[in-house]
Amino acid sequence: MSEATTPKEQEQPVQPALESPVAGETRPASRGSALAAVALLVGAIGVGVGGWSAWQLRALQGDAQQQASQLEQARSQAAALSQRTESLNGRFEQLPTVQELEERRRLVAQLQGDQQLLNQRLETVLGASRQDWRLAEAEHLLRLASLRLSALQDTSSATALVQAADEILRDQDDPAAFAAREQLAKSLEALRSTDNPDRTGLFLQLGALREQASQLSSLNPKFVADGGVLGEMAAESEPGTWWGHSLQTLSQYFRLDFNADQNVRPLLAGQSLTQVRLALSLALEQAQWAALHGETQVYRQALQQAGEVLDANFNRDNPDSRALRTRVAELVDKPIEVEVPELSESLNAVQAYIEHKQSARERLKDAPSDGAGNDQEERP
């Protein structure tokens, strides 16, 4: 600016100079906001990168810890494997050598051979003794069957015992037992053809009769109020007469019977009835004993005695005593004794077979010793 300028000239250029700064101030403000946004974006990116880095770091740390635990587990397993390997090595060292194994195999084979030989000898000895036991059992069964027949006449039990003895001889599978089995077959047929009375059933029936006898009681006598002869005369007289009326009245108070053939028994009571029951029970009990033992004479005598007691002390109009008397009469003729066959021939045949078996076995035992003696005599 020169000194010759006027104040107006000096003022004119001043206004543009004052206005230019206002227009120039808006540009730096827009630039600053852009820089701030860029800076904020950069900061956000930095924060994201830092968070992602921290997350990656934590993930790496977790993987490292897991790998460390797996490594520790692998080390423990390796240690266990090493211990097991050491124990296996120790066991391998304790195992025998090939030569020792071969020696042991040879000893085992020798032991097995000796054991087989011993088993064969033991089976031979036990087989012979078992046969002897079975034959002795057959003989005992026959003796028992003979005893059952002679003592109790029990053909059913004797048949079962003889059949069991025959099965023992059949198991021997020996042709020499043919004669003994033939005799046993004859005995079986004889036993099967023999009548077998039902003694057990008869014993039980007599027991039931004893119970009925203990409950018997005498029957009170009863008379029919028909007037007897007086009633008949009143019926024959003319009706309405004083004579017929008188006879009818008398028949109600008196009884006349000229044809009385019924034997009226005295009324039993108290001690007399007890004694009669006891006598009847003893007779039936004796009949039971005779039925079991096959004593026909004693059996019939006991039942006849029971019938006599009933006839002498009880009226036949009594239904209980009449039924008991009828039943006793039916049982008198029951057969209780049979002729049983003899088993002595079967027993002798079995005993002969057993003796033959024992003698044959003794000859087999003596044969090797005799052969050895002959060889010694021929050698010189």
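**Reading contacts, burial and helix packing**

Student: Which residues is Thr155 in contact with, leaving aside its neighbours within four places in sequence?

Tutor: Contact means heavy atoms within 4.5 Å, and Thr155, once those neighbours within four places in sequence are left aside, is in contact with Leu149, Thr194, Asn196 and Val340. Please keep in mind that this is a predicted model, in which local features need pLDDT of at least 70 and side-chain atom pairs count only at pLDDT 80 or more, while totals for chains, interfaces and linings use all residues. Residues are numbered from 1 along each chain as its sequence is written, and side-chain values use heavy atoms, with hydrogens and water left out.

Student: Where does Thr155 lie, and is Thr155 buried or exposed?

Tutor: Helices (H or I, at least four residues) and strands (E, at least two) are DSSP runs numbered from the N terminus, and Thr155 lies in helix α4, residues 155-172. Buried means under 20% relative accessible area, exposed over 50%, and partly exposed in between, with a 1.4 Å probe and protein chains only; Thr155, at 3%, is therefore buried.

Student: How should I read Ala138 in the same way, and which residues does Ala138 touch?

Tutor: Ala138 has its place in helix α3, residues 98-152, and is buried, with a relative accessible area of 0%. Not counting residues up to four places away in sequence, Ala138 touches Ala165 and Ile168. The C-alpha atoms of Ala138 and Gln163 are 9.7 Å apart in space, although 25 residues separate the two in sequence.

Student: At what angle do α6 and α11 pack?

Tutor: Axes are lines fitted to C-alpha atoms, for helices over the stretch in contact, and angles run from 0 to 180 degrees between N-to-C directions. Helix α6 (residues 199-213) and helix α11 (residues 319-332) pack at about 160°, with their axes 11 Å apart. Angles under 35 degrees count as roughly parallel, over 145 as roughly antiparallel, 65 to 115 as roughly perpendicular and the rest as oblique, so α6 and α11 are roughly antiparallel to each other.

Student: Which residues make the contact?

Tutor: On the α6 side they are Leu202, Gln205, Leu206, Leu209, Gln212 and Ala213, and on the α11 side Leu324, Arg327, Val328 and Leu331.

Student: What does UniProt place at residues 34-55?

Tutor: An unreviewed UniProt entry places a "transmembrane region" there, although such annotations may be inferred rather than shown by experiment. In the model, residues 34-55 are 100% helix and 0% strand, and the end C-alpha atoms are 31 Å apart.
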